[in-house]
Amino acid sequence: MELVPIGIIHSPYKRKGEAPHQGRVRNEEAILEIYPEFQEGIQNIEEKKHIIVLYWCHLGRRDVIKTATPWGPEIKGVFATRSPNRPNPIAFCVADLVKVEGNKLYVKGVDALDNSPILDIKPYVYELDSVTPEDSL
């Protein structure tokens, strides 16, 4: 398996502990810089209000299988948490797309640390991506 970063995140959060536990609760702006060879892939993205950003937690530990959460002292399996420390430190967030300038996407709601590699971007589809407990198949 090979992952190829499509860009890099320029975030106001420079060190571990600076980023919020959930980006949706903060209003800071970040820039998603898409590498030139992938720039055509963001064509028409300005039509979207929200996007899903998949990124690599480059400072996360990969040897963690159990962890505590910020909301409680109990230890949980890492796959039952959103911890950046996990065997494959892939994270996602739903970001507000503020504007697009060339290969740069200006967004709000990102909780990534500065210089996190971007793995993928997808449009947020309101009818598909929001699930309530009543929506069980």
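Asn 115 lies in the loop between β7 (104-108) and β8 (117-123). Strands here are DSSP runs of E, at least two residues long, and helices are runs of H or I, at least four residues long, numbered from the N terminus. Phi of Asn 115 is near 75 degrees, a positive value in a residue other than glycine.

This is a predicted model: local features need pLDDT of at least 70, side-chain atom pairs count only at pLDDT 80 or more, and totals for chains, interfaces and linings use all residues. Residues are numbered from 1 along each chain as its sequence is written, and side-chain values use heavy atoms, with hydrogens and water left out.

**Two asparagines in loops**

Asn 44 is the next case. Its phi is positive, about 75 degrees, although Asn 44 is not a glycine. Asn 44 sits in the loop between β2 (29-34) and β3 (50-56).

| Residue | Relative accessibility | Class |
|---|---|---|
| Asn 44 | 36% | partly exposed |
| Asn 115 | 39% | partly exposed |
| His 50 | 12% | buried |

**A histidine in β3**

His 50 belongs to strand β3. His 50 counts as buried because its relative accessibility is 12%. Its side chain makes a polar contact with the side chain of Tyr 126, at 2.6 Å. A polar contact is a pair of N or O atoms within 3.5 Å; within protein, one must be able to donate a hydrogen and the other to accept it, and residues adjacent in sequence count only if both atoms are side-chain atoms.

**The whole chain**

The protein chain has one helix and eight strands. Their order along the sequence is β-β-β-β-β-β-β-β-α. The radius of gyration, taken over C-alpha atoms, is 16 Å; a compact globule of 137 residues would have one near 14 Å, so the two agree. That globule rule is 2.2 Å times the number of residues to the power 0.38. Along the principal axes, the C-alpha atoms fill a box of roughly 45 × 35 × 35 Å.

Of the 137 residues, 36% count as buried.

The protein chain carries 17 positive and 20 negative side chains, and the centres of the two sets lie 7 Å apart. Lys and Arg count as positive, Asp and Glu as negative; His and the chain ends are not counted. Each charge is placed at NZ of Lys, CZ of Arg, CG of Asp or CD of Glu.

Note on methods:
Buried means under 20% relative accessible area, exposed over 50%, partly exposed in between (1.4 Å probe, protein chains only).
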